Amino acid sequence: MGLSNCSNEELMSRLVDSVKEISGFSASKGFFGKIQGDLVRRITLLSPFFEELIDVNVELNEEEISRFEVMRIALDSSLELFRSVDTGSKLFQILHRDSLVQKFHDKTVEIEAALSQIPYDKIGVSEEVREQVQLLHFQFKRAIEKREEIDLQLRHDLDMAESVMDLDPKILRRLSQELQLSTIDELKKESHAIHAYFFSYDGDPDDCFERMSSLLKKLVDSATMESSEPDTSSGNRIISRHRSPVIPDDFRCPISLELMKDPVIVSTGQTYERSSIQKWLDAGHKTCPKSQQTLLHSGLTPNYVLKSLIALWCESNGIELPQNQGSCRTTKLGGSSSSDCDRAFVLSLLEKLANGTTEQQRAAAGELRLLAKRNADNRVCIAEAGAIPLLVELLSSPDPRTQEHSVTALLNLSINEGNKGAIVDAGAITDIVEVLKNGSMEARENAAATLFSLSVIDENKVAIGAAGAIQALISLLEEGTRRGKKDAATAIFNLCIYQGNKSRAVKGGIVDPLTKLLKDAGGGMVDEALAILAILSTNQEGKTAIAEAESIPVLVEIIKTGSPRNRENAAAILWYLCIGNMERLNVAREVGADIALKELSENGTDRAKRKAGSLLELIQQIEGVVVPTVP
């Protein structure tokens, strides 16, 4: 049965709208400007074809409609790529330039493949439009064979900027112009984009974040030098001077409302003046003052990029640069200006760890804990000084506070990838698990977070599971604070990526507490519980335990009312439970799974649609029952 003219017209209108929005990206400049511009130009030339199909009201059969649907998917996918390039970090894009070039190439391949399926030579449009589409199809084919290369000058400038300390200002100037990171607005936008990238990964800075931040700081410093040089041409000024400048909101501390001199980032992604947020934390608060979200930890990450932007703004507006009144020392470990401890000081702390009294050990471990959380340089230098074996030894300290400081210092040090191996080599896993079992609640929570950090390395997953961590994590999942439960859940999820740990978790009784968390929507742990159950449902023992916990009604309810991600996970779990098991499939059907799945198959994520569609087919096969439509 063919689709109606209304469906034809609706689909063509969506194609025209997509092309129209894509055409707005044609003015893109910068290092991907030509690659993106060529693709945008070709896509824009499809518009007359789609518009004429609307005007002449061409009757399309169902097969032809399905082929145009493939084109719509390809165009929507291309539009998402253009949006991400337009709003994303330019430094992230240039550091991943080969991957991004490949994405543009893939979109060209997808659109050419869609054009190949459309019988445009047989559809009733004018000869002029038909010839234009044929020519355009040829251009797409030719574009597939031609692979774009990043400009060699840009490649050279980027390599120099990353490897040379005393860089020629001309190189930085060229780089800033090519990346369109010359003005304060552009630099601020890039700073936000970099930190959006960082916080989207819900973790600690990785190598890419460090590289982006370092490059942006050099570009900011270059802009500062440019703005300090006399220039009588107002058109060439990076920032115009104002007699009474208004402090930008982004430069004010949300607590004090004053210009920040030492901006730091908390775990929710908000930035504050260090002294203001530290007073807030010292008063015992566990939430972010601005967002009211619970802080996952009390660590403060220096926002060097924003600090440089504030300095640039002050310089450009004739304002005296704010001075940081903190206790930074002048002799830096590793020769880095971002490190705030000297080697002699660290060595004195290590001496106290090794030979001091209980009070001295406690104080030294606490100081190292604070230093290790501040920045990447400190983490490297503290480890190089030999702190890790001493901190591991103190995990067995009879003093609870010393134990707590030590495990937290190791947590902060483990942010550095190189330190993870050193911590494991020092025999820390067994002792961290012991803290997880018997330490104070804060020590247990930080032990769980440390095990998660170490488990990023695959071989550590095996060792951590074998050391008895999973049973202790399950206990924390049941007994801990909300933060402790989240730390435990995150660690369990990561450990269960290894097949052997799935069985350990199931035998340890994890399914019942996870099912309770699913039923407690106000507890804030539904996301985590579903994610773990989804990974356990791929294990035969896990499937049996989940089904025996009478979880099917709960899963169906989440499919009906949950967030898109939770609905997807719930559908995946239900699929694994029901595939090949008629009894469970009947239970699902009896609690209304068919209606919920029908709606999900139409409005869910791509993965959710696939799982829902597969389950619906199984349900339809039960006694010839027809799945009802959504009312």
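The model is predicted, so local features need pLDDT of at least 70 and side-chain atom pairs count only at pLDDT 80 or more, while totals for chains, interfaces and linings use all residues. Residues are numbered from 1 along each chain as its sequence is written, and side-chain values use heavy atoms, with hydrogens and water left out.

Let us start with the whole protein. It has 33 helices and three strands; these are DSSP runs numbered from the N terminus, with at least four residues of H or I for a helix and at least two of E for a strand. Of the 631 residues, 48% are buried. Buried means under 20% relative accessible area, exposed over 50%, and partly exposed in between, with a 1.4 Å probe and protein chains only. Among the contacts with a separation of 6 or more, 69% come from residues 24 or more positions apart.

Now to the helix pairs. Two packed helices are described by the angle between their axes and the distance between the axes. The axes are lines fitted to C-alpha atoms, for helices over the stretch in contact, and angles run from 0 to 180 degrees between N-to-C directions. Helix α2 (residues 33-44) packs with helix α4 (residues 62-87) at an angle of about 145 degrees, their axes 12 Å apart. On the α2 side, Gln36, Leu39, Val40 and Ile43 meet Leu75, Ser78, Phe82 and Val85 of α4. By class, this contact of α2 with α4 holds six nonpolar, two polar and no charged residues. For these classes, Ala, Val, Leu, Ile, Met, Phe, Trp, Tyr, Cys and Pro count as nonpolar, Asp, Glu, Lys and Arg as charged, and the others, Gly among them, as polar.

The contact of α32 with α33 divides into eight nonpolar, three polar and four charged residues.

Two single helices are worth a look for their spans. The expected span of a helix is 1.5 Å times one less than its number of residues. Helix α6 (residues 97-117) has 21 residues and reaches 31 Å from its first C-alpha to its last, close to the expected 30 Å. Its buried residues include Leu100, Phe104, Ile111 and Leu115, and also Arg97, Lys107 and Glu112. Helix α21 (residues 441-454), with 14 residues, reaches 20 Å, close to the expected 20 Å. In α21, 11 of the 14 residues are buried, so the helix is largely enclosed by the rest of the structure. Among them are Arg444, Glu445, Ala448 and Leu451.

The strands come next. Strands of a sheet pair through backbone hydrogen bonds, either parallel or antiparallel, and here two strands pair if DSSP finds at least two bridges between them. The three strands form an open sheet in the order β2-β1-β3, with antiparallel pairing. Because β2 (271-273) and β3 (301-302) stand at the edges with a single partner strand each, one side of each is left without a neighbour in the sheet. Strand β1 (residues 263-265) is joined to β2 by three bridges, and Val264 has Tyr272 of β2 as its bridge partner. Helix α12 (residues 274-282) lies across β1, β2 and β3, at about 95 degrees to β2.

Finally, some individual residues. Gln403 sits in helix α18 (residues 400-413) and is buried, at 14% relative accessible area. Leaving aside neighbours within four places in sequence, Gln403 contacts Leu394, Leu395, Ser397, Val435 and Gly439. Arg584, in helix α31 (residues 582-590), is buried at 16%.

Most residues other than glycine have a negative phi. Gln180, though not a glycine, has a positive phi of about 60 degrees; it lies in the loop between α9 (169-179) and α10 (184-200) and is partly exposed at 27%. Gln292 has a positive phi near 65 degrees, lies in the loop between α12 and β3, and is exposed at 52%.

Definitions and conventions: Contact means heavy atoms within 4.5 Å.
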